[in-house]
Amino acid sequence: MASLLFCGPKLAACGLVLSIWGVIMLAMLGIFFTTHSAVLIEDVPFTEKDMEDGPTALQNIYKLYNQVGYNCFIAAAIYVGIGFLSFCQVRLNKRKEYLVH
Amino acid sequence: MSSLFRSEEMCLVQLFFQTESAHNCISELGHLGLVQFKDLNPGVAAFQRRFVKEVKKCEEMERILRYLEKEMVKSNIVIAATKEKEMVPCARDVLELESTFEKLEQELREINRNHAALRQNLIELMDIDSLFIAGVIKQERFPAFEKVLWRLFHGNFVLRHTEMQATEELQARGAVKKDVFIIFVQGDHVREKIRKVCEGFRASLYSCPKTLYERKQMSNSVMTQMEDLRMILRRTEEYRAGVLTRAAEHVQEWGSKVKKMKAIYYTLNLCNIDITQKLIVAEIWCPVSDLTLVQSALIKGSEQSGSSVTPVLNRIQTQQTPPTFNRTNTFTEGFQAIIDAYGVGTYLEINPAPYTIVTFPFLFAVMFGDCGHGLVMTLFAVWVISQAESLRKWKNELTDVVIGGRYIILLMGMFSIYTGLIYNDCFSKSFNIFGSSWCVRPMFHPHGPWQYVFNFFFLINVHTAPHISVWNIASNKLSFLNSFKMKMSVILGVSHMLFGVALSLVNFVHFRKFQDIFLQFVPQLIFMLSLFGYLIFLILYKWCITLRSETAPSILLLFINMMLFDYQSEHVLLYRGQVWIHIFLVLTAVLMVPVLLLVKPFLIYRTRMKTRHQVGEQNHFICFLLQVSMGDIFVYQAIHTIEFCLGCISNTTSYLRLWALSLAHAELSEVLWRMVLQVGLKISSGMGSLMLVVLFAAFAVLTVTVLLIMEGLSAFLHALRLHWVEFQNKFYEGSGYKFTPLSFDSLLKTQQ
């Protein structure tokens, strides 16, 4: 079985820390977007056209909010995967270090 | 009384002990770590001191130990860590250790030499073995070799060559790439020519036996020789590993023993040996509260050495200034270190460290103020604190600095979370915790005054959530934030400086300079309060009352007009009677300046005149020479007064850096969000999530490097400067020298 180790101990540790931060922060962003927080209005890609329609304007904006929120959740899920990968690399590195000695 | 409030009271003690018990006594004192030896032979050069030979012996032993450690690291042998505190050896143990070290070193060098020789033999044998052909030459020289042979024999020869099989063993030993060749040529007399050519190209020739049988025999003999050599090499390596492993168990213990012995001899060099060679006299500085501990350590030391006479402690009075000793623990030593970096406090002066523990992280946090960044910083500090011992092994200068300041970073992070909540800023986004108190309805009345309702509710919200979340996306956010942060910086600055002036009062009371309280502390306080204390009052007053925003007076203009006595009728005033109060305050402040400048020198002059009349004319000349001249005193007082008065204004303005850095941090944070993360958020299609993953990684890396490390260092430096200059020049003298006790713990820690 070819060696599954492709990065050193420091890179794996950085990847793990980054993934944990990414999961927490993107999940929270996703929650804030899906609850239509007003502060994040500038991050939602709405156009003038969405604002024009009288009765459905609010619903359009909410739909966009939800889309961005789901994007955030998917990104958080990807980071869970990257985190798991980094964790495996960290464990493999520790084992390799232990074997040499 | 030991506390961080003030440095400890020290005393000078004379020690008398016997020469035999010297080692044990000094080692006990070293373990205690509470005494500093004074140099009793300051004029003597290093090579003339009494124990210089012993110090050299210790250094030689340290060299041998370093060589041993290097050999161990090369052979991947683990060095065992020492467990318990060992006793320091006396003089005869020193000789024993020395001989052990020398023997070890010789053995190791011999082993290495043999090893190298055996390896060389093996390589030569391998050359013969893998070839059966006539010669070996370095690969790069082969084309030239062939050309020469062509010229020589005009093509009457057959030359075959191949690259030598590079075995793993050879590669490991660093052999050069070689080619093997065999030449068939007619005639015997040409053998000489070939030999000469091969010598010129430094190729090794091997005799080629003529028959197959002889060839086989030669091959077998070579094989057996090689086997023998390999076995000998293996045995040598095993023996070497055994020697090193046995030494590895003790090497750390030996190392610390040698270091302690060297420190003891160095200390003995500082002492005086009595004429009878039986008594050693030493002078030490030690804290008064620890005298009993020192006594008991000395008794223990003399008991260990078996001497019958206990050492004698004799406290002596002295005019010399003792060193400054601040008793710290792991938490406070970081803060004490940053204070001492600017100047060690004068003996028995008040110590700014306990206040710095709170004000330094707070001023840092005012400039850094972001919840998210503060949280990352706090988590990092918690990790460093939990891993402090294992991180110390990296022995990198940068990590040592971070480990030394780990509690400072922790406090900085926690305070930043607090100020982040006040500024309502988390990775440049804000929270909506308490709802908005902004009333939109009055804005839609076309007529009628718009009550600035916001101002009133602001005061209530100051303790809950001063910044309403919707401010974050307002387009005039900065003009409000700037005004708020500037005024807050001035308030913080003036309070900090007033606190510094108050601390000078404590110093005056302790040193019994009651005259200075009335001549320096009171005028300084009145000057500051009447001008800058009133400024703070104006700021707070304007925040509390309701005003129409078009007609509200600017505080800066009010202040300038107050100083210039410029009162015209169309200027708007904040309250009735303001003009008279302003005139009164400015006149008071101006009156304080001559008090600061003239009263103290005048009093000194008067006391001198009185003593001169009393002493009489004969000693007049001598007295005149001994005293500092009046001119110097006047100049000194003038410098001090100008420094204080002008310094008040410049230092208050200097505190505006609190506003400037927090603005820079907030703007950088917002730009990072908008330019990096928002690009990914604005893509609403499916690819948005992948872009978000990549852009978030970039956002995280940039946050850590630019916002945390760069801005963090910058805010740290500015907060430190505010403490060192603006706060401490109100009361701190900082002209002492640090107490450096003989302590084996710190010796072993720093040299590891």
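Asp290(B) is buried, at 6% relative accessible area. Here buried means under 20%, exposed over 50% and partly exposed in between, with a 1.4 Å probe and protein chains only. The model is predicted: local features need pLDDT of at least 70, side-chain atom pairs count only at pLDDT 80 or more, and totals for chains, interfaces and linings use all residues. Residues are numbered from 1 along each chain as its sequence is written, chains are lettered from A and ligands numbered from 1 in the order in which they are written, and side-chain values use heavy atoms, without hydrogens and water.

**Salt bridges**

Asp290(B) meets Arg327(B) in a salt bridge. The term stands for a side-chain nitrogen of Lys or Arg within 4 Å of a carboxyl oxygen of Asp or Glu. Arg327(B) sits in the loop between strand E9 (312–316) and helix H9 (333–340) of chain B, and Asp290(B) in the loop between strand E8 (279–287) and helix H8 (291–304), so the pair ties together parts 37 residues apart in sequence. Helices (H or I, at least four residues) and strands (E, at least two) are DSSP runs, numbered from the N terminus. Arg327(B) is partly exposed, at 27%.

Over all chains, the structure holds 21 salt bridges.

| Pair | N to O distance |
|---|---|
| Arg327(B) and Asp290(B) | 2.9 Å |
| Lys477(B) and Glu670(B) | 2.9 Å |
| Lys262(B) and Glu62(B) | 3.6 Å |

Lys262(B) pairs with Glu62(B). Lys262(B) belongs to helix H7 (residues 212–270) and Glu62(B) to helix H2 (residues 52–74), both of chain B, so this bridge links parts 200 residues apart in sequence. Lys262(B) is partly exposed, at 23% relative accessible area. Glu62(B) counts as buried, at 16%.

Lys477(B) pairs with Glu670(B). Lys477(B) lies in helix H16 and Glu670(B) in helix H22 (residues 657–681) of chain B, so the pair ties together parts 193 residues apart in sequence. Both ends are buried: Lys477(B) has 15% relative accessibility, and Glu670(B) has 19%. A further set, Glu60(B), Arg63(B), Glu105(B) and Arg109(B), is joined into one network by salt bridges that share partners.

**Around helix H16 of chain B**

Helix H16 covers residues 477–510 and includes Ser504(B). Ser504(B) is buried, with 5% relative accessible area. Beyond its neighbours within four places in sequence, Ser504(B) contacts Phe521(B), Lys730(B) and Phe731(B); contact means heavy atoms within 4.5 Å.

Ala474(B) lies in the loop between helix H15 (453–461) and H16. This residue is partly exposed, at 27%. Its C-alpha atom is 76 Å from that of Phe101(B), 373 residues away along the chain.

**A bent helix**

Helix H23 (residues 688–727) of chain B has 40 residues. If straight, a helix of 40 residues would span 58 Å at 1.5 Å a residue, but H23(B) spans only 51 Å between its end C-alpha atoms. The expected span is 1.5 Å times one less than the number of residues. H23(B) bends by about 30° at Thr703(B). The bend is the angle between axes fitted to the seven residues ending at a position and the seven starting there.

**A nonpolar patch on chain A**

Ile20(A), Ile24(A), Met28(A), Ile31(A), Phe32(A), Tyr70(A) and Phe73(A) form a nonpolar surface patch, with about 670 Å² of accessible area together. Helix H1 (9–34) and helix H3 (57–100) of chain A each supply at least two of its residues. H1(A) gives the largest share, five residues. Met28(A), in H1 of chain A, is partly exposed at 43%. Patch residues have over 30% relative accessible area and no salt bridge; like charges are joined within 9 Å, and nonpolar side chains (Val, Leu, Ile, Met, Phe, Trp, Tyr) within 5 Å. Areas come from the Shrake-Rupley method with a 1.4 Å probe; for residues, only the protein chains shown count as cover.
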